[in-house]
Amino acid sequence: MSDYFRLEQAIDFAPPEEIRRIQAKLLNEHLARCRSRSPFYRRRFAGLPEREVSLEELALFPTTSKQDLAECNDDFTAVPEEEISDISFTSGTTGIPCRICYTRSDLDRLGYNDALGFLAAGMRGGDRVLLTCTIDRCFIAGLAYYNGVVKLGAAAIRNGLNTIESHAEIIRFQKPQAVVGVPSFLVRLGNYLRENRIDDSSIRTLVCIGEPMRNRRLELTPLGERLNELWPDRIHSTYASSEIVTSFTECSARSGGHPPADLAIVEILDEAGKPLPPGVPGEVTVTPLQVAGMPLVRFRTGDVSFLVPEPCPCGRHTLRLGPVLGRKAQMLKIRGTTLFPNSFFAALDGMPEVAEYYLEVSGRGLSDEVEIFVALKEPGIALEEVAARLYGRTRIHVPVRRVRLEDAHARVFGVSRKPVRFFDRRITE
């Protein structure tokens, strides 16, 4: 199967009817594989008619939840153990990490997927690409980025989780054309380059992972604006997860991520599990195609976003996924108002005097209690001013506590490569 994933076979620019024909064919192959190879889906699909289905009929199949993956983890494996080439883990709903298995063809598929995304973002064969994320500790995205760079014919510089000074020296002497990293870290790196007058003009593409760069209107968030000031018109957002084995990257239009048409079917579902039309926010639900190790059908990611309805100027005939507006599990209910933590985060990102921050939520029952912890750049700034600006953006009063910058950094970056600014202490009944 690995020979199939060649960049010249990408179908995203094909006419819409051709894309639908190919997707329907791949979907039926995928469903047949799930029935015959996956113990979980053999049980789940029992009683459903065994016939070819149209893309519209995918909605007749049950969805798969993170709870399913946690409770029946081993039953999702669809290949013998000797065919597994990589094992990664994702956080499980039960607190026990879920095993995600990849075969050799799955790893080749990952490289193909990310190479397509990098091409859309403007990378080319022969480029030098600085990776500020690593492959170790079962981090599948780092491996995907590396495979994608190699598949593209570019050169990967795997500096990983290293110091800002180390990355700056690579930029000074190797002059990469692209950088892949977490936006909040890239902002710190960009500021360091400016302060030390290091030439970064070789960089024409930034692939941003782990943090949303755009809001509901596809405009840059405050964090995105800060990054865009450092590297104008070079930001490309991505969306991905370990389970769906697929990432969606923004093209030159920078208005939503393109899911590769031959690798994923994306739905946006309401609370009842019914598909929503483009433009309406709901839960991102993905059926990843051509997966061998742990195939999934209608996997509910827990992320809330929407499909962009307008045609893309880049010429791809695939729907685009908008920015993640929040996670269903992180939705807050504060004194009758419902919102996502991103509402607070966007406001804090727009305050230059705030060096770092995180949010803790506690409570039981119908209302959540939220506290926001901030590290300030200047000791004379009043917390009351920060709280007032938060209220101006959210219309909700929340207590704001001050913490030392080193303590905030330890909390935010202490458990993950990506910044973790939401800490849930709620007690569920």
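Biologist: In which sense do strand E18 and strand E19 pair, and over how many bridges?

Modeller: Strands of a sheet pair through backbone hydrogen bonds, and the pairing is either parallel or antiparallel. In this predicted model, E18 (residues 354-362) and E19 (residues 369-376) pair in the antiparallel sense over eight bridges. Valine 354 of this pairing stands opposite leucine 376 in E19.

Biologist: In which sense do E19 and strand E20 pair?

Modeller: E19 and E20 (residues 400-402) pair in the parallel sense, over three bridges. Here isoleucine 372 stands opposite valine 400 in E20. E19 is also mostly covered, with six of its eight residues buried.

Biologist: How many strands form the open sheet that includes E10, and in what order?

Modeller: Four strands form this open sheet, in the order E10-E11-E12-E15, and the pairing is antiparallel. E10 and strand E15 (326-327) are the edge strands, each pairing on one side only.

Biologist: Is E10 largely enclosed or open, and why?

Modeller: In a regular strand the side chains alternate between the two faces of the sheet. For E10, one side carries Ala264, Val266 and Ile268, the other carries Ile265, Glu267 and Leu269, and all of these are buried. Because six of the six residues of E10 are buried, the strand is largely enclosed by the rest of the structure.

Biologist: How should I read a nonpolar core, and which residues have the most contacts inside the largest one?

Modeller: In soluble globular proteins, nonpolar side chains tend to be buried together. The largest nonpolar core in this model has 49 residues, and those with the most contacts inside it are Leu27, Tyr41, Leu69, Phe248, Val297 and Leu321. Several elements each supply at least two of its residues, including helix H2 (39-44), helix H3 (66-71), helix H5 (140-152) and E10. H1 gives the most to this core, with seven residues.

Biologist: Which residues does valine 297 touch?

Modeller: Setting aside residues up to four places away in sequence, valine 297 touches several residues, among them His30, Leu31, Cys34, Tyr41, Phe45 and Thr287. A second, separate core of 23 residues includes Leu332, Ile372, Ile381 and Ile396.

Biologist: What volume does the second largest pocket have, and which residues lie nearest its centre?

Modeller: The second largest pocket has a volume of about 760 Å³. Its lining comprises 30 residues, of which Arg20, Gln23, Val266, Leu307 and Leu319 lie nearest the centre. By class, 20 of the lining residues are nonpolar, four are polar and six are charged.

Biologist: Which element supplies the largest share of that lining?

Modeller: The largest share, five residues, comes from E10. Helix H1 (16-37), E10 (264-269) and strand E13 (307-308) each supply at least two residues of the lining.

Biologist: Where do leucine 218 and glutamine 290 lie, and what is phi for each?

Modeller: Leucine 218 lies in the loop between strand E6 (205-208) and helix H8 (222-230), and its phi is near 65°, a positive value in a residue other than glycine. Glutamine 290 lies in the loop between E11 and E12, and phi of glutamine 290 is likewise near 65°.

Biologist: Why is one called buried and the other partly exposed?

Modeller: The boundary for buried is under 20% relative accessible area. Leucine 218, at 21% relative accessibility, therefore counts as partly exposed, whereas glutamine 290, at 13%, counts as buried.

Biologist: Is glycine 125 buried or exposed, and which residues does glycine 125 contact?

Modeller: Glycine 125 lies in the loop between H4 and strand E3 (128-131) and is exposed, with a relative accessible area of 52%. Leaving aside neighbours within four places in sequence, glycine 125 is in contact with Leu152, Gly153 and Ala154. The C-alpha atoms of glycine 125 and alanine 154 are separated by 4.6 Å, although these residues are 29 residues apart along the chain.

How values were computed:
Residues are numbered from 1 along each chain as its sequence is written. This is a predicted model: local features need pLDDT of at least 70, side-chain atom pairs count only at pLDDT 80 or more; totals for chains, interfaces and linings use all residues. Side-chain values use heavy atoms; hydrogens and water are left out. On a 1 Å grid over the protein atoms alone, a cavity is a set of points where a 1.4 Å probe fits but cannot get out, and a pocket is an open set with protein on both sides within 12 Å along at least five of seven lines; lining residues have an atom within 4 Å of a point. Grid points are joined across faces, edges and corners, and a volume is the space filled by probe spheres set on the points. Ala, Val, Leu, Ile, Met, Phe, Trp, Tyr, Cys and Pro count as nonpolar, Asp, Glu, Lys and Arg as charged, and the others, Gly among them, as polar. A nonpolar core is a set of buried Ala, Val, Leu, Ile, Met, Phe, Trp, Tyr and Cys residues joined through side-chain atoms within 4.5 Å. Buried means under 20% relative accessible area, exposed over 50%, partly exposed in between (1.4 Å probe, protein chains only). Contact means heavy atoms within 4.5 Å. Two strands pair if DSSP finds at least two bridges between them.
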